[in-house]
Amino acid sequence: MAELRNVYPFTALVGQGQMRLALELNAVNPAIGGVLIRGEKGTAKSTAVRALARLLPELEVVVGCHFGCAPRGDAMCSDCQGRLAAGEELEVTQRQMRVVELPINASEDRVVGSIDLEAAIHSGQRRFEPGVLAEANRQILYVDEVNLLDDHIVDVLLDAAAMGVNVVEREGISVWHPSRFILVGTMNPEEGDLRPQLLDRFGLCVDVSGITNIADRVEIVQRREAFEDDPVGFAAEWEEEEGRERDRIDRAIAALPGIQISRQVLEGIARLAIELEVDGHRADLVARKAAQAYAALEALPQVGLAEVAAVAAMVLAHRVHSRPGQRPHDIAASTRRVLGEA
Amino acid sequence: MSVYLSGVPVRSGQPESSSFSGVIGQERMKLALLLAAIEPRIGGVLIRGERGTAKSTLVRAMAAILPTQEQVADCPYHCSPSGPDQCADCSDRVARGEQLPVVIRPTRVVELPLGGSEDRIVGSIDLELALRQGRRAFQPGLLAEANRQVLYVDEVNLLEHHLVDVLLDAAGSGVNVVEREEISITHPSRFVLVGTMNPDEGELRPQLLDRFGLCVEVSGLRGLEDRVAVMRRDAEQPMVPSGDRQLAERLERAQRLLPRLETPELVVRMAAVMSVDQQVIGHRSDLVLVRAAQARRALQAAVTERPSADGLVVGLSDLAEVAELALVHRRRSQGGSLTEAPPGVSDPLSEQLAAPAEVGMPDLKGEAGPTGETTSENGLAEGEESPEGAAGATAELAGSTDSRPGPSTAQPVEVEEGFEVGRIQLPRERLRRRGRGRRSQTTSRDRRGRYVGAREVEHPTDLALDATLRAAAPHQVSRRAASEAGGRQLQLEPQDLRQKVRQRRIGNLIVFAVDASASMDAEQRMDATRSAIFALLQDAYVRRDRVALVSFSGRSAQVVLRPTASVDLAERHLTRIAVGGTTPLTHGLTTAVNLIAAERRRDPDVLPLLVLISDGRGNISLGGEEPLLEAQRMADQIRREGIRALVIDSSRDHLPQLAAARPSGSAAARFAGYNFNACVDLAERMGAAYFGLFDLSEGAILRPVTEALRQPQSSGRPSSL
């Protein structure tokens, strides 16, 4: 994990509370479905995502599996399934969850995988060379400038995100493998919109802007300079803080299954979705999961309306339409009205 | 790191999604899928709807409730051991008197991924066999796998053109014809086509739309109880619920009941009447209506183990239940949008059905006559065929259109109204695929874009490895024998080399910058622009064109519509645009130019066209300068950046005295006094064509736009500034 040494510590970020919270919630429950971070240049978007890697939990991984399968569960690759079915005992190791980057100019072969050139030429074998979607299985898939991604790459990404499976039917290859990832994207809205279908795939969405508080700005510059002068020393300085944050996330992950959510709270979520006229049901489902993860982070035994209110903005920001001729929905006001001054 | 693939991948091991009966609500969608599963000849289902409405979940969950079927054990096309439409191999074996090995397998949902390549969908030469043994064998593709199964395409509106063509060929003929890589084979490919799509991302090609027997529009549940239930269900652990097992049994019973159904003539007539009444396009709907009604009757009857004789008679209630599903996508609606609430559709329909004796019957007698009877008898005969017959719905349809003019042809079909320039023939930046795998234009040379095929070139720069291997494969044995080295090394020769053909969606980006300032004809200007945009978007999916709208008034300009190809999105954003205030022309131009610059960053090949609709009399300054000079500077910049432009002059008064009557002090007014036309000036600076002196209407905007798009593209690259 040498590469991580040069990563800016998550806890050393100044401000940007919503963005940090959104990332933490996903670390606690990957089923939330990722984050889209919208904002201008230089607002620590990428820094925060890369920094998250240090705080992610360890995963149980089948040794030798190309897709990092879990030793049990329903999302195994055909290879692991076959080995299990044959009565084989799968060897397991612990590996830290990673942030896999999808470069904006990646070719489709690199993303979905392609035919293995060497094997084909040397021995006439048809082998599959896994791509980014294979690498990203059970990891965070990070797309910087996601709105600039080529259309056909977005299609492929959507397919995989929707199914949790990458189906490859190209270049003479027919194969599928699990590809369940936490999709994290950043974008600068001035450079163009995201396609609606892809937008909805992001569980949460936060808008970040530059910090205007002078003291905070000074702090940012100072920390950044200290980090660039001596990354290792800086990281060591923050190690204790990072350790606390890691523990907090680990505790939340452990507590998550036990967090209760009452019917009244579910009704609150549904009311809010109806009031804001969101498309479909994904907002409801994500709101429930995010509120539960939030309660877990806060070490609460159950979800109250206050927890829903705390995550409402990031669940709904990208799912509420503004209708022309009408005033745009005010998410904050609706949240207050529907959920009460909780 | 690479993975060795042994033969056919284990698809059955794909993660199970949630259960079919576990999905809450969405009864119409469930009904449509069940009907299509009971009677494959209905021709599948298209599900349209907003995101997050369990569309794909439900389709994938369908696998668990599909009936089992008898298959020839070792046939790659899952032929039926007894049934018709066997592949050449199976029918040969039967002819030789061979006993075919039979297995019972569940019907599957085969997915066609958007990123699939033609060779894997159609099938191609078996690479390994060819390379190792020099044998030329066919490796079946998805169309083979999908034979007698459900073929599912998620986001079907985004499927590449060449794949849509392949799909249409197979869906239309029931066979897949492969002519490639020295392989020539034809095999059956009859599948229940299921597609899901979000209309926000563009519409479906009409030919493909028509292939779908049924169509459902879905939206999220609006009830509080339902929404809470959805959240609770989502939190539960997935399991195989008893609901799915019961449904599977019911489906199997329904399929067995289908041949025993009785379909009264009245039902067949009523189907024809409905089609005519709803001004449906083509004849497919009559047949689909009857078959869907039969399937629905079978489904109802299958609730009990032993249905009564009465329960096996197809009734008008069955027809009523399926009418909307069969007609919604075939109806000629004004404006062509499918999502438009079909005006009063269900009401007259249900009225008709409620009182068939009074409304339906006399009408029928009056207009149908003997021809009508012929149709219905034929319809009945078809309905009584065994469902396993699965004789392609299309073949019969073709027959019914040609030889049996039913009552529907007797009635002249009204010509589509609404847009005077309904279909605009914009130049196409791509050649439509005819002949398999051949394509020339629109292909990008810079290795960007989707790899869609390969061709022979002398010096390939972007090697298509798979195609090269396939080309070399048949000759390996002889070449190895001839060469000294021998061994298992691949022997490539120059003539094997293949170049990747890549295709990108290059479309026009038409940016309207429209003056929304207060004037006598502001409303008219907006209306005309709006309908021009809708007309342009009608074909947007086919062309990959996108349209954006910037409006300027008061002291600012807004991007009212971001670049989109979606009629729905346009409708949502263009319903009401505020009109009034002053004319910030520079703001408008700047916003439009920035928008184009952003799109160009995303895709340098985009072909922008800026359409300015204004009187050219800007009177609000952006940077503190004289508004007109600012506008002129922007116009110069537009030319420098190589943006194609059009200026449509919305003022009707070029007479000096009228112009002078406007608020004085602005340069435009002063210039107007010297008989200076600001719009002509701007157009000249932009290098744009100028259109003026007419009443603004949709056509008046469309004609110049269409004309401009037809001009050969000089690939206007921004000369770096």
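Helix H11 of chain B (residues 265-277) has 13 residues, which should span 18 Å at 1.5 Å a residue, and its end C-alpha atoms are 18 Å apart, in agreement. The expected span is 1.5 Å times one less than the number of residues; helices (H or I, at least four residues) and strands (E, at least two) are DSSP runs numbered from the N terminus. The model is predicted: local features need pLDDT of at least 70 and side-chain atom pairs count only at pLDDT 80 or more, whereas totals for chains, interfaces and linings use all residues. Residues are numbered from 1 along each chain as its sequence is written, while chains are lettered from A and ligands numbered from 1 in the order in which they are written.

Because 10 of its 13 residues are buried, H11(B) is largely enclosed by the rest of the structure. A residue counts as buried if 20 or more other C-beta atoms lie within 10 Å of its own, as exposed if 12 or fewer do, and as partly exposed in between, with C-beta atoms placed from the backbone. Among the buried residues of H11(B) are B:Val267, B:Arg269, B:Met270 and B:Ser275. Just after this helix, B:Gln279 takes a positive phi of about 50°.

Helix H9 of chain B (residues 224-235) has 12 residues and reaches 17 Å from its first C-alpha to its last, close to the 16 Å expected. Its buried residues are B:Arg227, B:Val228, B:Val230 and B:Met231. They cover an arc of only 155° around the axis, which puts them on the same side of H9(B); the arc is that of the directions from the helix axis to the C-beta atoms. These buried residues pack against helix H11 (263-275) and helix H12 (282-297) of chain A, contact being defined by C-beta atoms, placed from the backbone, that lie within 7 Å.

Helix H12 of chain A also holds A:Val286. With 27 C-beta neighbours inside 10 Å, A:Val286 counts as buried. Not counting residues up to four places away in sequence, A:Val286 touches A:Ile32, A:Gly33, A:Gly203, A:Leu204 and A:Val315. The C-alpha atoms of A:Val286 and A:Leu204 are separated by 7.8 Å, although the two residues are 82 apart along the chain.

In soluble globular proteins, nonpolar side chains tend to be buried together. A nonpolar core is here a set of buried Ala, Val, Leu, Ile, Met, Phe, Trp, Tyr and Cys residues joined through C-beta atoms within 7 Å. The largest has 221 residues, and those with the most contacts inside it are A:Leu204, B:Leu35, B:Met62 and B:Leu214. H12(A) gives the most to this core, with 11 residues. Leaving aside neighbours within four places in sequence, B:Met62 is in contact with B:Phe20, B:Leu33, B:Ala37, B:Val109 and B:Val150. Apart from this core lies another, of 61 residues, among them B:Leu537, B:Leu585, B:Leu609 and B:Ile701.

A:Arg38 has A:Asp207 as its bridge partner in E11(A) and stands opposite A:Met187 in E10(A). Strand E10 (residues 182-187) is in turn joined to E7(A) by 4 bridges in the parallel sense, with A:Val184 the bridge partner of A:Tyr142. Strand E7 (residues 140-143) is covered on both faces: A:Ile140 and A:Tyr142 on one side, and A:Leu141 and A:Val143 on the other, are all buried. Strand E4 (residues 99-101) pairs with E7(A) in the parallel sense over 3 bridges, A:Val100 having A:Leu141 as its partner.

In chain B, 6 strands form an open sheet of mixed pairing in the order E17-E16-E15-E18-E19-E20. Strands E17 (556-564) and E20 (689-691) stand at the edges, each with a single partner strand, so one side of each is left without a neighbour in the sheet. Within chain B, strands E15 (residues 508-515) and E18 (residues 607-614) pair in the parallel sense over 7 bridges, and B:Leu509 stands opposite B:Pro608 in E18(B).

Technical notes. Contact = placed C-beta atoms within 7 Å. Pairing = 2+ DSSP bridges.
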